[in-house]
Amino acid sequence: MNPLFLKSTALPIASGLLMALSFPLGPPLGFNNGDGWWPLAWVCLSPLMLAATRSSRPAGAILHGLIAGVAAFGLLISWIDPFLIRWAKVTAPEALAITLLLVLYAAVYFSLFALALQIVGRRWCASGAFLLAPAIWTGLEWLRSVLFTG
């Protein structure tokens, strides 16, 4: 694997993992850590914010957001796959396809977040992007709650 690719994806992957670990992860992952490690929620987006503001192109920020979102939601909604197989009576490949589509849909919001940070960071500065990050994230969370699945 290309070392440059690993270096550029380390921060988004870390962000996604931190996000997932801040929530309770139960079956099928084998964890049942009660409330999750909720203090991680305060810092989980920091690695993605750094990666997004360091991106020289919007496409790079979008890719970083997608990687972080897939890492986070791949773990957070991994319970859907066995649920679909057992209760919806779909085959394993169908359940996997449905789960992957849902993971990608949710990861798009991470991409939009990273893109917004990259644009703000390029237009003003990284500090401005960091200051606006809570408003951008909250706006995207609101948007996700009212669009399609709201």
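## Basis of the description

Residues are numbered from 1 along each chain as its sequence is written. Because the model is predicted, local features need pLDDT of at least 70 and side-chain atom pairs count only at pLDDT 80 or more, while totals for chains, interfaces and linings use all residues, and side-chain values rest on heavy atoms, with hydrogens and water left out.

## Overall make-up

The protein has six helices and zero strands, where helices (H or I, at least four residues) and strands (E, at least two) are DSSP runs numbered from the N terminus. Read from the N terminus on, the order of elements is α-α-α-α-α-α.

Of the 150 residues in the protein, 35% are buried; here buried means under 20% relative accessible area, exposed means over 50%, and partly exposed lies in between (1.4 Å probe, protein chains only). The protein exposes about 9000 Å², of which carbon and sulfur atoms supply 73%, with accessible areas taken from the Shrake-Rupley method with a 1.4 Å probe, and for residues only the protein chains shown count as cover. Among the contacts in the protein with a separation of 6 or more, 67% involve residues 24 or more positions apart, a contact being heavy atoms within 4.5 Å.

## Aromatic pairs and the cluster

A pair of aromatic rings is described by the distance of the centres and the angle of the planes. Rings of Phe, Tyr and Trp (its six-membered ring) pair if their centres lie within 6.5 Å, and planes under 30 degrees apart count as stacked, over 60 as edge-to-face and the rest as tilted. By this rule the protein has five aromatic pairs. One of them joins Phe110 and Trp137, which are edge-to-face with 5.2 Å from centre to centre and 80° between the planes. This pair links distant parts of the chain, since Phe110 belongs to helix H5 (residues 92-123) and Trp137 to helix H6 (residues 126-146), 27 residues apart. Phe110 counts as buried at 1% relative accessibility, and Trp137 is buried with a relative accessible area of 17%.

Phe113 and Trp137 also pair, and because their ring centres are 5.0 Å apart with the planes at 80°, this pair is edge-to-face. Phe113 lies in helix H5 and Trp137 in helix H6, so the pair ties together parts that are 24 residues apart in sequence. The C-alpha atoms of Phe113 and Trp137 are separated by 6.4 Å, and Phe113 is buried, with a relative accessible area of 1%. Phe73, Phe110, Phe113 and Trp137 form one aromatic cluster. Leaving aside neighbours within four places in sequence, Trp137 is in contact with Met19, Leu45, Phe110 and Phe113.

## Charges over rings

A charge sits over a ring if NZ of Lys or CZ of Arg is within 6 Å of the ring centre and within 35 degrees of the ring normal. The charged end of Arg123 sits over the ring of Trp124, 5.5 Å from its centre, and Arg144 lies over the face of Tyr109, at 5.7 Å from the ring centre.

## Helix H6

The buried residues of H6 include Gly128, Ala133, Ile136, Trp137, Leu140 and Arg144. Following H6 comes Phe148, whose phi is positive, near 55°.

## Positions in and before helix H5

Lys89 lies in the loop between helix H4 (80-87) and H5, where its phi is near 60°, a positive value in a residue other than glycine. Lys89 is exposed, with a relative accessible area of 67%.

Within helix H5, Thr99 is buried, with a relative accessible area of 9%. Apart from its neighbours within four places in sequence, Thr99 is in contact with Ile77, Ile80, Asp81 and Leu84. Leu104 is also found in helix H5, and at 41% relative accessibility Leu104 counts as partly exposed. With neighbours within four places in sequence again left aside, Leu104 is in contact with Leu66 and Val70.
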